[in-house]
Amino acid sequence: MTDAIQLRRRVRWVLSTLPKDRRLSQEMIFDKLLPDFRGLKTDELHTALLWNQIRGFVDVLKNDDEERDEWRLTPEGWHKEGLA
């Protein structure tokens with residue numbers, strides 16, 4: 001089982017490596033996390049994303065061209081990561 005606290009932090013860290021106007025799909029985030037979280041399950045990642053979204057650290061937009069949801073850090077998320 002994946003450490004939920006570490007996963008929630010790492011999700012924000014992955015998104016903080018992007019320029020502020022860029023987003024990542026859940027699949028892309030999953031791929032970036034997999035080396036550090038062997039055995040990671042998609043539902044665990046989704047729970048971590050939702051935890052961060054409820055607290056205002058990330059948001060999601062539908063990319064109609066790609067037909068997928070894409071995630072980014074909010075201004076609160078950038079501040080939480082000490083980058084604002």
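This is a predicted model: local features need pLDDT of at least 70, side-chain atom pairs count only at pLDDT 80 or more; totals for chains, interfaces and linings use all residues.

Reader: How are α1 and α2 oriented to each other?

Author: Residues are numbered from 1 along each chain as its sequence is written, and side-chain values use heavy atoms, leaving out hydrogens and water. The axes (lines fitted to C-alpha atoms, for helices over the stretch in contact, with angles from 0 to 180 degrees between N-to-C directions) of helix α1 (residues 4–16) and helix α2 (residues 26–33) come within 10 Å and cross at roughly 110 degrees. Angles of 65 to 115 degrees count as roughly perpendicular, so α1 and α2 are roughly perpendicular.

Reader: Which residues in α2 does α1 meet?

Author: Helices here are DSSP runs of H or I, at least four residues, and strands are runs of E, at least two. Contact means heavy atoms within 4.5 Å. From α1, Leu-7, Arg-10, Val-11, Val-14 and Leu-15 take part, and they meet Ile-29, Lys-32 and Leu-33 in α2.

Reader: In what order do the three strands form the open sheet?

Author: Two strands pair if DSSP finds at least two bridges between them. β1 (24–25) and β2 (58–63) are the edge strands, each pairing on one side only. β1 pairs with strand β3 (residues 68–73) in the antiparallel sense over two bridges. The order is therefore β1-β3-β2.

Reader: At about what angle does α1 run to β3?

Author: α1 lies across β1, β2 and β3. Its direction relative to β3 is about 90 degrees.

Conventions
Angles under 35 degrees count as roughly parallel, over 145 as roughly antiparallel, 65 to 115 as roughly perpendicular and the rest as oblique.
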